[in-house]
Amino acid sequence: KCKRNEVSAAWSPILAARGFKKARFLGGGGVLGFFFRALINGIFFFFGETTPPPPPPPPVHSIVPAPRQLLPAGLVGALLAVSLLPNYRESDALAYNFTLHDRRNDLTRYMDTSLPPGKHITDWQEPNFKTLNRAWGGYDGVHDFPLARRIRNLTDLPIDEWRANDAVYAIVPYSENPDAYFSDETVLLKSYPPDPNFRGPDMVVLRLYPMQQLHGGRLGSIRLLGYDINATQLHAGEDLVFRHYWQAEMPTGSEHHVYNHLLNDSGEIVAQADYVPLWDNRRDTTTWDDPDEIMLGREFTLSLPADIAPGTYRLVSGLYDPLTWQRLQSPGGGDRLVIAEINVVAPSS
């Protein structure tokens, strides 16, 4: 019995090590080897207790286990290996998945550089409720996007229920159905569809408010999809507040700013505001490389002069290179888009 144990001890490490040289299988191989060795020892112990004492041991160089002694253990070991194969494959897939780029890093970068700060809601099961949390997720962006509420499904409640929590954005699972999430009441800003080259989650970022007005104008490779505006009828001295919604077929070759002019009937500028088109100047037009993304423009304010005459004025916008002053052109050859007509009325007596 002792010699049989010596045989087992000599062979079991070799058998246990074969086929498990890769680092990802070391844990599983160790477990399999342990059970294999225990099985062999158990078989030898059983036969050692139920058979007559063995003859005197042969010389050390002739100690070779008989095939019939290893056959039961080999069969059991093979069955065990086959049963564990799905676990090995799952472990291999998991290990490979962790070598892929995590899209949550892209999400934090996108939110921080592209959107104004605001509360967000996100789904209950996916890990995004921690992504923008500085304490839990390690988010280190400049702007804050606190969690307003965790949800199970965006469509479980009316959209006004989510807005009641002061939520501006929603980060929810990706869907190929464009009408999946209140399409008339939200704006799908950014999509992260399934891609084998990236680690999930697959998701979309929504703004929980729709565009107030559609437009459709074009300057160069950039389209003006629509805009929000606080009023189209104002009194002298009041503020005109508005934002654009942009979409680009491709990035511009140089950084472009947006200009906004309020023009009178003679084409003279009575108020203006120029700056980078988005909230953060880190996301300039040379980075607009996703043709499906809708860029939420920064909020511009034009202060009407106190002595402005009553009448109809035009609000126009365009894009230009601040180094060369070269403006992007529309398909018709113009260099500006008419946003809205503004009616300035005399103050009430």
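**Salt bridges in the predicted model**

Glutamate 249 counts as partly exposed, at 46% relative accessibility (buried means under 20% relative accessible area, exposed over 50%, partly exposed in between; 1.4 Å probe, protein chains only). The structure is a predicted model, in which local features need pLDDT of at least 70, side-chain atom pairs count only at pLDDT 80 or more, and totals for chains, interfaces and linings use all residues. Residues are numbered from 1 along each chain as its sequence is written, and side-chain values use heavy atoms, with hydrogens and water left out.

Glutamate 249 forms a salt bridge with arginine 218, with 3.0 Å between the closest N and O atoms (a salt bridge is a side-chain nitrogen of Lys or Arg within 4 Å of a carboxyl oxygen of Asp or Glu). This pair links distant parts of the chain, 31 residues apart: arginine 218 lies in strand β8 (residues 213-219) and glutamate 249 in the loop between β11 (239-248) and β12 (257-263). Strands (E, at least two residues) are DSSP runs, numbered from the N terminus. Arginine 218 is partly exposed, with a relative accessible area of 24%.

A salt bridge also joins the side chains of arginine 207 and aspartate 228 (3.7 Å, N to O). Because arginine 207 belongs to strand β7 (residues 203-207) and aspartate 228 to strand β9 (residues 222-229), the pair ties together parts 21 residues apart in sequence. Arginine 207 is buried at 10% relative accessibility, and aspartate 228 is buried at 8%.

Arginine 327 and aspartate 335 meet through their side chains in a salt bridge of 3.4 Å, N to O. Arginine 327 is partly exposed at 29%, as is aspartate 335 at 26%. Salt bridges also link Lys190, Arg283, Asp290 and Glu293 in a network. The count comes to 16 salt bridges.

Technical notes
Helix = DSSP H or I, 4+ residues; strand = E, 2+ residues; numbered from the N terminus.
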